[in-house]
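Q: I have a structure to go through. Can you walk me through it?

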Amino acid sequence: KKCLSLIKKTKYLNAYITVSEEVALKQAEESEKRYQQGQSLGDLDGIPVAVKDNFSTSGIETTCASNMLKGYIPPYNATVVQKLLDQGALLMGKTNLDEFAMGSGSTDGVFGPVKNPWSYSKQYRERRRHDEHGDSHWLITGGSSGGSAAAVAAFTCFAALGSDTGGSTRNPAAHCGLVGFKPSYGLVSRHGLIPLVNSMDVPGIFTRCVDDTAIVLGVLAGHDPKDSTTVQDPIKPLMIPGEMDVSRLCIGIPKEYMVPELSSEIQSLWSQAADLFASEGAKVIEVSLPHTCYSIVCYHVLCTSEVASNMARFDGLQYGHRSGIDVSTEAMYAATRQEGFNDVVRGRILSGNFFLLKENYENYFIKAQKVRRLIVRDFVNAFESGVDVLLTPTTLSEAVPYLEFIKEDNRTRSAQDDIFTQAVNMAGLPAVSVPVALSNQGLPIGLQLIGRAFCDQQLLTVAKWFE
Ligand code: GLN
């Protein structure tokens, strides 16, 4: 009830698209009964959680923040949602995002932008007291899972699901002072997650501390017969020890991540963090990931190509929006997609179809796949040289004011912001953004730890030591 009242009080953040109050209250009542009888469904019994609105939820509208899916009520739960519910979690609602998870600001959905709760923190407001913009100078959450990040940061729930295709969980986690975890590709089922880029998408986890992330990951991880890309091996319970011997670790610092656009404050926190590991006896070495500079363009070609193919299903016939213009089937398709998608989505569909044209396919799509191999190889080489975990920034800067974010060409800005996160998705590795400090402006800053594929437990163990 406290969480529900906080949701109402913080409505101005625009974190939720749908608040499932009745569902949550009913679940809470049942959980309470179980508690009275000394029973428990599992680790999440009675814990309020929120879910990004691109995961299907049975009987609850699932929109992807798009006109295309407004009013769509899925007949089934995404596997991850079902797993949360099976453990007794209370579903508070569906959270806001960039349309179809395309973006890095959570500014581009049809329900309007998400506001970063830190915009209203005492420290930040004091520092901006004399600012000409006053209260209108609110900050973005980052994206695309900004609604989930704001929901956890505003204490309306204890954990939230995001999705992470190129950084969409880690980026808003860094901007909102949260732990944001992207599991290894294949560890957590994508069934029921409305796809952006199937070969890179993973469900992500937002919490306020690493221990909570480990609990949620323990619930979500494992094989799903409905997602053939999930691992077959049985998952052992996730154990994050309270203490760890850091002196046995080798931490890699990728030199190509030292880009000129990186804020000097983050740069100095990054090097302080490296010193911290070294002072505890860890081996800290510089490594090279030489193909990093190609990762943004490579991601762009692969992402838009998969988008073009994924979005073909939204034809006005099966579900979601259908235009009233129906003079011909073709005209109905065209009008449906014009009315249903924003210009970011339509732009990506057009780019993707261009890259997939017969005459372009070899030169763009196939080439991008080869570059992706090289990017993957960079990581493999670093880990084969003995590195256990890579330490990098998560974002180029702290959260920026909305008015600033939309000033530049939003899409270029979005693409740049993902410089530290996208390559990880191309390689399918686990990565976590951990809040490390507040900036001079009083805003949270996160650093990223990247682990070997399927060494998610080791990664979270290091993250816990680090947080
Ligand atoms: N910002 C990236 C994009 O726009 C990543 C989005 C995501 O991870 N969902 O594609």
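What follows is a short chat about the fold, the ligand shell and the core.

A: This is a predicted model, where local features need pLDDT of at least 70, side-chain atom pairs count only at pLDDT 80 or more, and totals for chains, interfaces and linings use all residues. Residues are numbered from 1 along each chain as its sequence is written.

Q: How many helices and strands does the protein chain have?

A: The protein chain has 16 helices and eleven strands, taken as DSSP runs (H or I, at least four residues; E, at least two) and numbered from the N terminus.

Q: What share of the residues is buried?

A: Of the 467 residues, 53% count as buried, meaning that 20 or more other C-beta atoms, placed from the backbone, lie within 10 Å of the residue's own.

Q: Switching to the ligand, which residues are closest?

A: Ala-101, Ser-104, Thr-165, Gly-166 and Ser-168 are the closest of the 15 residues that surround the ligand (C-beta atom, placed from the backbone, within 6 Å of it).

Q: And the largest nonpolar core, how many residues has it?

A: The largest nonpolar core has 128 residues; such a core is a set of buried Ala, Val, Leu, Ile, Met, Phe, Trp, Tyr and Cys residues joined through C-beta atoms within 7 Å. Helix α7 (residues 210-220) gives the largest share of this core, seven residues.

Q: Which residues have the most contacts inside it?

A: Those are Val-49, Cys-157, Ala-160 and Leu-449. Not counting residues up to four places away in sequence, Leu-449 touches several residues, including Val-389, Leu-391, Leu-459 and Phe-466 (contact: C-beta atoms, placed from the backbone, within 7 Å).

Key:
Buried ≥ 20, exposed ≤ 12 C-beta atoms within 10 Å, placed from the backbone. Contact = placed C-beta atoms within 7 Å.
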